[in-house]
Amino acid sequence: VECLDWSPNGAEVAGGSEHGTIRRWNTTTGRQITPLIKGSDDWIWTIKYSPQGDKFAAGGSDDIIRVWSKDGELLIEIKGHDSGIVTSLCWSKDGKYIFSASLDYTIRKWQSIDGKEPVIIRGHTNSVISLCLSPDGSHLISASNDCSVRIWDLETNQEIGDPLWHDDRVDVVAMSSDGQYFASAISGPDAKIYVWSLEAALKRPSDDHVSVFVHCQCLF
């Protein structure tokens, strides 16, 4: 199992595998619900339920984003990343858009209903590995192998301020449920988790990292 995601109501969890299959389980009984889905011939790296819980999307090594209904019906296949794995997905708060990250250095914003691509977000200089959305849906945060975390204004689709630089490539980024903080992590011998204030990040001068940084935890 390469990736997992909970449904918004917590009633089920979905997992994607290196064999290109997707399974969903009832979290109360532990039993698989609906037949196994053959999502791809390649690895599935990311899976994400829509905020409404009526759909879920998955992406992986074949560069294609697929969206299924809750009943397991394939609704749409979205193609457009230039090359490389689709590494991370997230939905807009209203479920109208899907954001995807890829090894092609871009973040892309797709209409979930028809797969049209309104926006390509550029700025990272290496593979984009992880995405998360602020709870109010106004800001997207991305982590990359270029050793940075970046914050994007989703009204303008522009980066806010300078990148938040790390000592190594950034593997994952996650938002707190209240939207006050986000965390990022690097791996390797000097593995660390960084915690940042979103409010401070949005208000900081471009060259100010100190007021944004809250805490760093070394991992052993």
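These questions and answers walk through the pocket, cavity, cores and a hairpin of a predicted model.

In this predicted model, local features need pLDDT of at least 70 and side-chain atom pairs count only at pLDDT 80 or more, while totals for chains, interfaces and linings use all residues. Residues are numbered from 1 along each chain as its sequence is written, and side-chain values use heavy atoms, with hydrogens and water left out.

Reader: What is the volume of the largest pocket?
Author: Glad you start there! On a 1 Å grid over the protein atoms alone, a pocket is an open set of points with protein on both sides within 12 Å along at least five of seven lines, and lining residues have an atom within 4 Å of a point. Points are joined across faces, edges and corners, and a volume is the space filled by probe spheres set on them. For the largest pocket, that volume is about 860 Å³.

Reader: Which residues lie nearest the centre of the largest pocket?
Author: The lining divides into 21 nonpolar, eight polar and four charged residues, where nonpolar means Ala, Val, Leu, Ile, Met, Phe, Trp, Tyr, Cys and Pro, charged means Asp, Glu, Lys and Arg, and polar means the others, Gly among them. Strands β1, β5, β9, β13 and β18 each supply at least two lining residues; strands are DSSP runs of E, at least two residues, and helices runs of H or I, at least four, numbered from the N terminus. Nearest the centre lie Asp-5, Lys-48, Leu-89, Cys-90 and Leu-131.

Reader: Which element gives the most to the lining of the largest cavity?
Author: A cavity is a set of points where a 1.4 Å probe fits but cannot get out, and the search finds one of 30 Å³ or more. About 40 Å³ of space lies in this largest cavity, and its lining includes Trp-43, Arg-66 and Trp-68. With three residues, the element that gives the most is β6.

Reader: Which element gives the most to the largest nonpolar core?
Author: A nonpolar core joins buried Ala, Val, Leu, Ile, Met, Phe, Trp, Tyr and Cys residues through side-chain atoms within 4.5 Å, buried being under 20% relative accessible area with a 1.4 Å probe, protein chains only. Among the 16 residues here, Val-149, Val-173 and Phe-182 are some of those that touch the most other members. The element that gives the most, with three residues, is β18.

Reader: In β8, what is the bridge partner of Arg-66?
Author: Strands β7 and β8 pair in the antiparallel sense over four bridges, pairing being at least two DSSP bridges. They form a hairpin, with Gly-72 in the turn at a positive phi of about 90 degrees. The partner of Arg-66 is Glu-77.

Key: Buried means under 20% relative accessible area, exposed over 50%, partly exposed in between (1.4 Å probe, protein chains only).
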